[in-house]
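Q: I'd like to go through this one slowly. Could you take me around a few of its residues?

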Amino acid sequence: MTTPALLPLSGRRIPTLSPGASSFPHHRATLRLSEKFILLLILSAFITLCFGAFFFLPDNSKHKRFDLGLEDVLIPHIDSPKEGKHASGQVVIHGQGGHDENRHREEEESLRDKIRADHERALQEAKEKLRKSREELQAEIQTEKTKVVEDLKKKDPGPKPLPPPPEPDVKEKRDKIREMMKHAWDSYRQYGWGHNELKPIAKKGHSTNIFGNSQLGASIVDALDTLFIMGLQDEFKDGQEWIEQNLDFSANAEVSVFEVNIRFIGGLLAAYYLSGQEVFKMKAVALAEKLIPAFNTPTGIPWAMVNLKTGVGRNWGWASAGSSILAEFGTLHMEFVHLTYLTGNPVYYQKVMHIRKLLAKMDRPNGLYPNYLNPRTGRWGQHHTSVGGLGDSFYEYLLKAWLMSDKTDVEARKAYDDAIEAIERHLIRKSNGGLTFIGEWKNGHLERKMGHLACFAGGMLALGADGSPDDKAGHYLQLGTGEGPLILKLGPEAFKFDSGLEAVAVRQNEKYYILRPEVIETYWYMWRFTHDPKYRQWGWEAAQAIDRFCRVSGGFSGVKDVYSSNPTYDDVQQSFFLAETLKYLYLLFSNDDLLPLETWVFNTEAHPLPVLGFRCQKRVEVQGKYMFHF
C-alpha cells in the first residue's frame, strides 16, 4: 500500500513513502536532517500539544476567585458599596458580572483562532523545508545566522569606548607645582620680604624702574591669589598682614601705570573676591586714586608713568617720540570697570570708555592698531604693529571686556573680531616647516619674528572662538592649537622664522628666558577647551625644565641662554612667576571647576576677576568649596 502523495502549493511532487522504505530515498546515504528542521518539528509538536490542551482540558475560569477586567482596580481599603475584601486586606472593586463573562468568552475564542493560525503556519513551513535539498538547507541556515548577527550589531553596536582614565599622577604633579610655589615664596619670605622682587642667587631684594624707588612688596601682592588657590593659607595670612601694616602708596615714587594696575590693583581685587577681606578692596581703591592723575593729558590717553605723590606723569623716552603704548593704555579696562562696580564711583569706568571711543574714531592702517599713540596730538606714532610686546594685552582686554560683561559688551566684541581679522590677514603665517606664527608689521612690511609674549595668543584665540562671527569658532580654535611656540619647553624671548630658521633665537638678547608664563597660559586654555592630554604633557615638560634649569637654593631665576646646557642665571625671581607661571601650571593639573571660565575672567597678570553679576555668589562658592579643599 502506498501513502498518498502530498501536493505542495508550488505543484512539485514530494516523493511517496512505501512500507518499509526510508524517508528521502534519493538521499538515503548522505542527507541528514538540519538542526533547524528538528527544532521546527519540536516546535510544531509543542504547539499541537498546547492547542489540544487548550481545547480538551476543562475550563477552570469558573473557579477563578476574582474576575479582573481592564477596569478592575486594586486599591487600599475604602468603605463603599460593591466591595469585596481581598485576602491581603486590600479591596477589589469588581467590574460588571454578565458583561465581563461575555467579554472573556470572546477573548478566549480570539486566542483559539490565533493558535490555530500559528499551528497551520508552522506546518506549512515544515512542508516547504521537506522540498529542499541538503545544500539549500545549509545555505539557508548560514544566511539566517548572518542576518541574526547583523541585526544584533544594529541593535547593540557594542560597548562604547571608555573615556581615557584619569592620569594617576595628576595629583602628584599638582603637588609638585605647589611645592615649587612654596619654595619660591619661602625664599622670598626669607631673603626679600617687603621688596618688590627677589635676587635668588645673591639672596636679597630686587626692584626695577617699573616700581620706581619704592618698596611696595610687589611679589606679595602678585602672589596672594595663587597662595589662596593652592590652599597655602598660612602664607596667605602672612601676606595679608604685611599689606595691612606696610603697603602704602604715598611714596615719592614714579611707577608704571600699566604694571601697577595689572599687578597691584588686579592682585588686590582678586584677593578680595576670593577671600572677602575688605582690606584688599580698600588698598585697591586707594592705589587707583593715585593713578587717576595719569589721565590728565590733552587726549585723555594716560601717561605711561605717574608719580604716586605728586601726580605728575610722563612717557618712556624711547617710545616713538613720547608716545603712549597701546598695550599699556589699552590694558586698564577690566580693573577700572570693577573699581566702579565695587565703589559706585563712575570715574574709573569713564576713563577707560573714553579711550575706547577715541580709538574707535581713528583710522587704522590695514585695519591694524599701531603700537604707539601720542597723548598730546592723538595721532599714531611709528606704524609698528605686534601681538607680542607693546600690543599684546590690548587685544586680550577687548575680548575679556566682552566676557567680563557676561557677553553683553558687544562693542568690545566687535572691536576684537575686527582686530583679529586684520591680524590673521596681515600677520599670521605658516613657516616653511608648517608652524603657525604671528609676525610683526613694521612700516608696511612683515617681519617674520615672534616674541615670547605673543605666545599667549593661542589661548586668546581659543578663548574667543565661541562667539566668533560667521561660524568661525572651529577655525579660531584650530588656529590656537597651531601656534609654533607650543612645541617649546623653555622658549626664548623672541624667535625667527626666516632664512631657513624655525622658531630660533638669533641675537643673544633674544635667547634668555625670564620665567615667563605665556606658553603655559596657552597650554592651560587649550586644555580647558579640548582636554587633549598633550597640553598637560607639554605643561609638565615645561614645569620639569623650570625646576631643573631655573631652580636655585634661594628661589627661581631666569636664564640668559635657553640653548646652553649650562645656562647662566639672570638672578631675578620675577613677581609674575608667582602670579602667573605657577598659577597656570597648577590650574593645568586641576579640575575645571576650580575657577571655571564661565564665571571668572583672568586679567593679563592671571588675577581672576568674576564675571559681573556673579561676584557674591561665586565668592562664597570659592570660599566654601576650595578654601580648605587642598
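A: Let us start with a definition: contact, or touching, here means heavy atoms within 4.5 Å. This is a predicted model, in which local features need pLDDT of at least 70 and side-chain atom pairs count only at pLDDT 80 or more, while totals for chains, interfaces and linings use all residues. Residues are numbered from 1 along each chain as its sequence is written, and side-chain values use heavy atoms, with hydrogens and water left out.

Q: OK, which residues does Thr604 touch?
A: Not counting residues up to four places away in sequence, Thr604 touches Ile262, Thr331, Ser393, Glu396, Tyr397 and Glu580. With Glu396 there is also a side-chain to side-chain polar contact at 2.9 Å, a polar contact being a pair of N or O atoms within 3.5 Å, where within protein one must be able to donate a hydrogen and the other to accept it, and residues adjacent in sequence count only if both atoms are side-chain atoms.

Q: And what does UniProt place at Thr604?
A: An unreviewed UniProt entry places the feature "binding site" there, at Thr604; such annotations may be inferred rather than shown by experiment, and the positions are given in the numbering used here, with feature names shortened.

Q: Where is Thr604 found?
A: Thr604 is in the loop between β20 (600-602) and β21 (608-610), where helices (H or I, at least four residues) and strands (E, at least two) are DSSP runs numbered from the N terminus.

Q: Is Thr604 buried or exposed?
A: Thr604 counts as buried because its relative accessible area is 15%, and buried means under 20%, exposed over 50% and partly exposed in between (1.4 Å probe, protein chains only).

Q: Switching topic, what about Ser590, buried or exposed?
A: Ser590 is buried as well, with a relative accessible area of 4%, and its place is in the loop between α18 (575-588) and β20. The side chain of Ser590 reaches the backbone oxygen of Tyr586 at 2.7 Å, and, leaving aside residues up to four places away in sequence, Ser590 touches Arg174 and Arg536.

Q: And where does Leu390 lie?
A: Leu390 sits in the loop between β11 (384-385) and α12, and it counts as partly exposed because its relative accessibility is 21%. Although Leu390 and Glu328 are 62 residues apart along the chain, their C-alpha atoms are separated by 7.4 Å.
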